[in-house]
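Good morning. Please have the sequence and the model open while I talk.

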Amino acid sequence: MISTFLLFLASAAVIYFACEYFVNGVEWVGHRLELGATAVGTVLAAFGTALPESAVTFMAVVFGGTPEQKDIGVGAAMGGPLVLSTLAYAVVGLALMRLRQRRPNGADDSCIQADQQRLARDQGWFMAIFVFKVALGLIAFAWKPWLGILFLAAYALYVKRELSAEDTCTEADVLEPLKLRPGDAQPTMTWAALQTVLALVVIAVASRVFVAQIEVLGVWMGASPHVAALLLAPVATELPEIMNAIIWVRQGKERLALANISGAMMIQATIPSALGIFLTPWLLDGTLIAAGLFTMLSIAVLWLRFRRQTMSLGTLSAVGGLYALFAGYVGWHFYA
């Protein structure tokens with residue numbers, strides 16, 4: 001068990017430092033592609049860091065030999081959006097609070113320096129897709145697998161919209177030197193892409209080790225595979241997005257941090273869901289439905305506050321409490 005804890009901590013540290021290289025590289029890739037800062041977060045960064053959690057669903061539903069193993073994939077597809085819509089946003093809120101407390105003469109603590117209307121539109125897209133996704137899990141019919149195509153099409157439309165949207169730059173969006181070429185003021189696309197891909201490979205390997213340790217710890221705590229899929233695996237696989245958010249907040253780029261989470265949520269609402277709908281019956285039990293309801297409640301709060309452009313750091317941090325409530329419900333449901 002000591003070796004498990006050591007691997008757990010070591011893999012988390014490796015993910016963090018690899019994310020430092022990833023966010024630096026992906027910003028330069030976006031710069032070379034002439035993408036806006038928000039599109040870099042919602043599309044490039046989100047797609048890269050969403051690979052670990054998508055891989056969990058893919059491996060479970062494609063290669064799972066038993067219904068229980070396939071359930072892990074379905075649980076991961078439902079647990080990922082829950083973690084992103086609660087814990088990930090809460091981490092950004094708490095990190096911004098801490099940063100601004102250390103700079104008392106800086107910006108107003110209640111101010112979110114991002115395009116809140118655009119974030120509200122993202123939450124609206126996510127809510128529509130997610131409600132449809134949960135509704136499909138309540139009924140059974142023969143041609144349900146074909147509807148997985150709709151989720152892939154929805155993500156393609158989202159990417160098209162993000163890449164075509166206009167964006168503005170701020171002083172905080174100034175790029176730091178590429179870590180592999182610190183003395184090069186204008187590194188080439190080749191160097192930027194190489195750093196990004198290498199960092200992504202390290203993140204993927206370290207995330208796999210991290211998830212394995214989470215599973216061992218779950219067994220040690222007596223958690224069932226279903227509980228591990230809903231509570232433990234999503235937290236582990238969403239770690240890159242959370243690390244990215246912390247790094248970007250530290251750099252004063254909260255717009256990128258929020259965009260990365262928003263884009264990752266869209267991937268989680270579509271790609272893993274499509275895999276689950278294609279390859280499993282996609283029928284949700286009571287615990288999975290509860291996960292969906294907690295996710296929708298969090299999104300409703302986020303959408304309303306972003307739409308009114310009244311999002312505060314306190315509200316952004318508070319949505320993390322919904323995950324704690326869900327964890328309490330799952331613990332009571334399985335262990336009472």
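This is a predicted model: local features need pLDDT of at least 70, side-chain atom pairs count only at pLDDT 80 or more; totals for chains, interfaces and linings use all residues.

Let me start with the chain. There are 336 residues, and 51% of them count as buried. The secondary structure comes to 13 helices and 0 strands. Read from the N terminus, then, the order of elements is α-α-α-α-α-α-α-α-α-α-α-α-α. What about contacts along the sequence? Among contacts between residues at least 6 apart in sequence, 85% join residues at least 24 apart.

Next, the record. An unreviewed UniProt entry lists "transmembrane region" for residues 35-62, 74-96, 125-158, 189-211, 257-280, 286-304 and 316-335. I will take two of these spans and look at them in the model. Residues 286-304 are 100% helix and 0% strand, with end C-alpha atoms 27 Å apart. Residues 125-158 are 68% helix and 0% strand, and there the end C-alpha atoms are 8 Å apart.

Now the helix pair. Two packed helices are described by the angle between their axes and by the distance between those axes. Our pair is H6, residues 148-164, and H10, residues 254-279. How are H6 and H10 oriented to each other, roughly parallel or roughly antiparallel? Their packing angle is about 160 degrees, and their axes lie 7 Å apart. An angle over 145 degrees counts as roughly antiparallel, so H6 and H10 are roughly antiparallel to each other. Their crossing is left-handed.

Which residues in H6 and H10 meet? On the H6 side they are Gly148, Ile149, Phe151, Leu152, Ala154, Tyr155 and Tyr158. On the H10 side they include Ser262, Gly263, Met266, Ile267, Ala269 and Thr270. Further along H10 come Ile271, Ser273, Ala274, Ile277 and Phe278. By class, this contact has 13 nonpolar, 5 polar and no charged residues.

Last, the two loop residues. Trp282 sits in the loop between H10 and helix H11, which covers 286-307. Trp282 is not a glycine, yet its phi is positive, about 50 degrees. Is Trp282 buried or exposed? Its relative accessibility is 1%. Buried means under 20%, so Trp282 counts as buried.

Gln309 is in the loop between H11 and helix H12, which covers 313-318. Gln309 also has a positive phi, about 55 degrees, although it is not a glycine.

That is the end of my part.

Terms used: Residues are numbered from 1 along each chain as its sequence is written. Side-chain values use heavy atoms; hydrogens and water are left out. Axes are lines fitted to C-alpha atoms, for helices over the stretch in contact, and angles run from 0 to 180 degrees between N-to-C directions. Helices (H or I, at least four residues) and strands (E, at least two) are DSSP runs, numbered from the N terminus. Angles under 35 degrees count as roughly parallel, over 145 as roughly antiparallel, 65 to 115 as roughly perpendicular and the rest as oblique. A crossing is left-handed if the near helix is turned anticlockwise from the far one by less than a right angle, and right-handed if clockwise. Contact means heavy atoms within 4.5 Å. Ala, Val, Leu, Ile, Met, Phe, Trp, Tyr, Cys and Pro count as nonpolar, Asp, Glu, Lys and Arg as charged, and the others, Gly among them, as polar. Buried means under 20% relative accessible area, exposed over 50%, partly exposed in between (1.4 Å probe, protein chains only). UniProt positions are given in the numbering used here, feature names are shortened, and annotations may be inferred rather than shown by experiment.
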